[in-house]
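Visitor: I'd like a close look at one part of this model. Could you take me through it slowly?

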Amino acid sequence: MGAGLAGLVAARELRRAGRSVVVLEARDRVGGRLLNADIGDGNVVEVGGQWAGPTQKRVLALARELGIETFPTHTRGENLIEWRSRLVRYRGAIPRMNAAVLVDVAQAQARIDRMAKRVPLDAPWLAPKAELWDSQTFETWLRRNVATSGARELFRILVEAVWAADAADVSLLHLLFYTHSAGGFDDLIGTEGGAQQDRFVGGSQLLALKLGEELGGDVVLETPVTRIEHSASAVRVVADGREVSTGAAIVAVPPALCGRIAYAPPLPAIRDQLTQRMPQGTVIKCMAIYERPFWRDAGLSGQATSTEGPVKVMFDNSPPNGSPGVLLGFLEGRRARELGEWQPEARRNAVVDCFRRIFGPDAAKPLDYVERVWAQEEWTRGCYGCYMPPGGWVSYGRALRAPIGRIHWAGAETATVWNGYMDGAVQSGERVAAEVLAALNGA
Ligand SMILES: Cc1cc2nc3c(=O)[nH]c(=O)nc-3n(C[C@H](O)[C@H](O)[C@H](O)COP(=O)(O)OP(=O)(O)OC[C@H]3O[C@@H](n4cnc5c(N)ncnc54)[C@H](O)[C@@H]3O)c2cc1C
């Protein structure tokens, strides 16, 4: 179930091993959280996942295999930070700010990295301080451990940027697990050398489109799965307009959506309660399109951060040849929930006005504007992915990947490396295919 990257990779692996597969997809397209938007003249921007970092080896290898090239995110020039209504230019990763704040940020980041390394990636609930770390949110930890309000504010923005949730939403243990799963905090937040380093020529959805092409008729679109009947000897998957009897079922949809499928017999309580406790983040990805990237003329990279918002993090998202100019901004967490309820025109005005404040009057009149409100998508219901609130990992984590009879679980949220990212989705697809093959061969 699910023709996102995880489901497609799993199906391809199983087919390569000589098994027959059918992928049932609810939407009328493949890619799930990967979606290209046409902005004219053969150019696309991604309204879903887009970046890959240098340590995301699986998704980069998949791209190479599929003949999809990467290009670097535009970073040349100075970055901007709008800090409590003051606009400051800076070079490199660290904004020019009060020295006490910078020291505080560096010390806290070093502590986060040290704690993160102690979280086992395949079993975060076995971390030495799992109970303590999972009984508090990251906000609680910030208030107790980070002295300056400036440093706390910066971390809150970074948490929104990485998890599309507020620091008060996310379990400290989850933040540490996720940080370890990416390598370190810099890997999560960085552009050069980090998760935002590169983009895919032709848009990231090409990965899914090419896998879908390869699988051909084995992918059935517009077929939402509603019910899974399972026994020791077989599985029957019931979808709108189709039923499939099979030796094994892979559910490659985010945990929160797994909980909306009916199972007969019902799943064990721990698995069902896990799906009640892994909410999706909230993000609206917004892009304003201009004739050219005018900010580059002013020596600006297009990367900006703002404490005022509503857009807190911005990037130059122009195509590889720099034409047209595209400014990308994310509305995340509480802001995204608020603005998600606004009329599209009012939201667009608020976003464009924020771009104008940061990049000047030329940003006020884009030629076009593209956005995606992921929480409104029936078959995703929030993004970038699921996170664990306090208590999630310790009490329910062991039900995340454990197969239930002939039902197996995949998706970026089940990954141990680059959890929540495209790379994690690929890892989960490969892992679940091996798991299913072992189970079928042993049967
Ligand atoms: C705005 C945004 C920005 C992001 N940025 C990045 C980034 O820069 N880099 C990065 O690596 N990752 C990023 N991500 C995350 C990345 O897109 C995901 O981790 C990845 O695409 C998840 O793949 P998946 O196959 O696990 O899940 P999905 O892509 O969610 O696939 C699940 C599929 O299941 C289908 N489905 C759901 N319910 C049913 C049902 N009942 N029956 C049948 N089918 C069903 C869905 O339609 C979907 O196609 C971003 C995501 C978003 C939304």
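Where is the place of Ala164?

Guide: Ala164 is in the loop between helix H6 and helix H7 (172-182); helices here are DSSP runs of H or I with at least four residues, strands are E runs of at least two, and both are numbered from the N terminus. Before going on, note that this is a predicted model, where local features need pLDDT of at least 70, side-chain atom pairs count only at pLDDT 80 or more, and totals for chains, interfaces and linings use all residues. Residues are numbered from 1 along each chain as its sequence is written, and side-chain values use heavy atoms, with hydrogens and water left out.

Ala164 isn't a glycine, yet its phi is positive, about 50°. For background, most residues other than glycine have a negative phi, and most peptide bonds are trans. With a relative accessible area of 0%, Ala164 is buried (buried is under 20% relative accessible area, exposed over 50%, partly exposed in between, using a 1.4 Å probe and protein chains only).

Asp41 makes a handy counterpart: its phi is also positive, near 50°, and it is a residue other than glycine. Asp41 sits in the loop between strand S2 (36-38) and strand S3 (44-46). Asp41 counts as exposed, though, because its relative accessibility is 80%.

The crossing of H5 past H6 is right-handed, meaning the near helix is turned clockwise from the far one by less than a right angle.

As for who touches whom, H5 brings Phe138, Glu139, Leu142 and Arg143, and H6 answers with Arg152, Phe155, Arg156 and Val159; contact means heavy atoms within 4.5 Å. Sort those residues by type and you get four nonpolar, no polar and four charged. Ala, Val, Leu, Ile, Met, Phe, Trp, Tyr, Cys and Pro count as nonpolar, Asp, Glu, Lys and Arg as charged, and the others, Gly among them, as polar.
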